[in-house]
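Me: I am new to this structure. Could you take me through a few of its contacts?

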Amino acid sequence: MFSPHNIKAAIYVPAGTPDQSQDAQMDDLRNYALGMDWKVLEYRERRGRAGTRPVLSQMMYRVRQRKFDVVLVESVDCFALSLAELAENVARLHLEGIRFLAVGESIDIDPETEAGWRFLQTLTVLDKVERKMITRNVRAGVARAQSKGVHCGRPRRSFPRAEARKLRAQGLSVRAIAVQLGIPASTVADAL
């Protein structure tokens, strides 16, 4: 194991919201790391397109390069937008032997301890349960909508099917009909 002086801590802070200060989070995490006598690498997310977090992606890329030994976040929701993403990110850290700490929630997933391994297993199981529940609920919703006559899935292509049949009866090929009607040949073939 490393001596505490050699440990590098990556601190990740998501883009701030009106009710939570990014600077305050960074200060708290920095103080925690410095109190442990760890060297600090800061990853501060900037406001970008919705759903994108390029700084987190950059930090996770550096996991494979072992640029740090521990990841510090204020809470797990700072580190992932879904349970699936949390399980994936923590598993990647675990695989590379990097410790994960959610300081505000007292979560410590250390790959060198059995408790860390068990927590990762629990996270993986919960992710699978959540995916099954989502799939089941979506299928039930689709079935309910279809029972009421609602079309689910891709919108149907509307084109003059009678015209396509008439052209086919005149001996035109599927491709020629598609060109004449201005639609894909596969749509004509499926319709005929």
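Predicted model: local features only at pLDDT ≥ 70, side-chain atom pairs only at ≥ 80, totals over all residues.

Me: How are helix 6 and helix 7 oriented to each other?
Reply: Helix 6 covers residues 161-169 and helix 7 covers residues 174-181, and their axes lie 10 Å apart. The packing angle is about 135°. Roughly antiparallel needs an angle over 145 degrees, and roughly perpendicular runs from 65 to 115. The two helices are therefore oblique.

Me: Which residues of helix 7 meet helix 6?
Reply: By class, the contact has five nonpolar, one polar and two charged residues. Helix 6 contributes Glu163, Ala164, Leu167 and Arg168. On the helix 7 side they meet Val174, Ile177, Gln180 and Leu181.

Me: Why is the pair of Tyr32 and Trp38 classed as it is?
Reply: The count of aromatic pairs comes to three. In the pair of Tyr32 and Trp38, the ring centres are 6.3 Å apart and the planes stand at 65°. Planes over 60 degrees apart count as edge-to-face. The pair is therefore edge-to-face.

Me: Is Trp38 buried or exposed?
Reply: Buried means under 20% relative accessible area. Tyr32, at 31%, is partly exposed. Trp38 has a relative accessible area of 5%, so Trp38 is buried.

Me: How many residues apart are Phe79 and Phe100?
Reply: Phe79 and Phe100 form a tilted aromatic pair, with 4.8 Å from centre to centre and 35° between the planes. Both residues are buried. Phe79 lies in helix 3 (residues 76-79) and Phe100 in strand 4 (residues 99-102), so the pair links distant parts of the chain, 21 residues apart.

Technical notes:
Residues numbered from 1 in each chain as written. Heavy atoms only, no water. Axes fitted to C-alpha atoms, helices over the stretch in contact; angles between N-to-C directions. Helix = DSSP H or I, 4+ residues; strand = E, 2+ residues; numbered from the N terminus. Parallel < 35°, antiparallel > 145°, perpendicular 65-115°, else oblique. Contact = heavy atoms within 4.5 Å. Nonpolar A, V, L, I, M, F, W, Y, C, P; charged D, E, K, R; others polar. Phe/Tyr/Trp six-rings, centres within 6.5 Å; stacked < 30°, edge-to-face > 60°. Buried < 20%, exposed > 50% of the residue type's maximum accessible area, 1.4 Å probe, protein only.
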